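Please look over the sequence and the structure shown here before reading on. The report that follows describes single residues and then the whole chain.

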Amino acid sequence: MTQTRKIAALTGDAVTAKADMLAELCAAVFDDFDSAYLSERLPNLVSPVLHLMTGEEEHALGFKLGYQRSPSLLYSWLGGVIPRARRQDIAGELMRAQHAWARAHHYTHIETRTRAANNAMIIRNLKSGFSITGHEIDSAGCAIVIQRIALV
């Protein structure tokens with residue numbers, strides 16, 4: 001039987017109202033997730049947009065969280081899929097939904113960053129049209145790859 005899935009796009013205050021749910025989802029998605037990482041940053045995001053995929057009984061399966069960095073640039077900040085729902089193209093569906101939303105809201109570029117060791121995300125992004133535009137070293141000394149896609 002095919003699972004019923006749907007994606008909702010939430011913006012602005014509706015995103016910050018989901019802070020607790022997002023923290024729980026991040027804890028399920030990311031190993032060693034520190035909830036302070038989300039709680040300290042979420043209230044300060046400019047024009048946040050959350051794409052949330054739910055399945056049966058409205059259980060969250062995955063998400064993409066972005067925010068405005070400039071009038072033409074959406075930064076895709078956090079995203080992931082719960083372990084039991086992986087390998088079902090949920091991340092791809094969420095990415096396509098985020099990009100369609102960004103185009104409809106007049107963004108011309110999307111940018112993201114990931115740890116250099118996160119090959120799965122780098123490959124997914126490259127297959128989706130992103131280009132590697134640079135790298136940086138974070139405060140922990142880890143290499144971060146910067147990727148950008150033009151939506152026009």
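Trp77 is buried, with a relative accessible area of 12%, where buried stands for under 20% relative accessible area, exposed for over 50%, and partly exposed for what lies in between (1.4 Å probe, protein chains only). The model is a predicted one, in which local features need pLDDT of at least 70 and side-chain atom pairs count only at pLDDT 80 or more, while totals for chains, interfaces and linings use all residues. Residues are numbered from 1 along each chain as its sequence is written, and side-chain values use heavy atoms, with hydrogens and water left out.

| Residue | Relative accessible area | Class |
|---|---|---|
| Trp77 | 12% | buried |
| Tyr37 | 33% | partly exposed |
| Ala104 | 52% | exposed |

A search of the whole structure finds five aromatic pairs, a pair being two rings of Phe, Tyr or Trp (its six-membered ring) with centres within 6.5 Å, counted as stacked if the planes are under 30 degrees apart, as edge-to-face if over 60, and as tilted for the rest. The ring centres of Tyr37 and Trp77 are 5.5 Å apart and their planes stand at 45°, so this pair is tilted. It joins distant parts of the chain, since Tyr37 belongs to helix α3 (residues 35–41) and Trp77 to strand β4 (residues 73–81), 40 residues apart. Ring pairs also link Tyr37, Tyr67, Tyr75 and Trp77 into a cluster.

Ala104 is found in helix α4 (residues 90–104). Between the C-alpha atoms of Ala104 and Thr133, which are 29 residues apart along the chain, the separation is 24 Å.

Turning to the whole chain, the protein has five helices and seven strands, where helices (H or I, at least four residues) and strands (E, at least two) are DSSP runs numbered from the N terminus. From the N terminus on, these elements follow the order β-α-α-α-β-β-β-α-β-α-β-β. The radius of gyration is 15 Å, close to the 15 Å that the globule rule gives for 152 residues, so the protein is as compact as a globular protein of that length; the radius is taken over C-alpha atoms, and the rule is 2.2 Å times the number of residues to the power 0.38. Taken along the principal axes, the C-alpha atoms fill a box of roughly 40 × 35 × 30 Å.

Buried residues make up 36% of the 152 residues. Of the contacts (heavy atoms within 4.5 Å) with a separation of 6 or more, 59% are between residues 24 or more positions apart.
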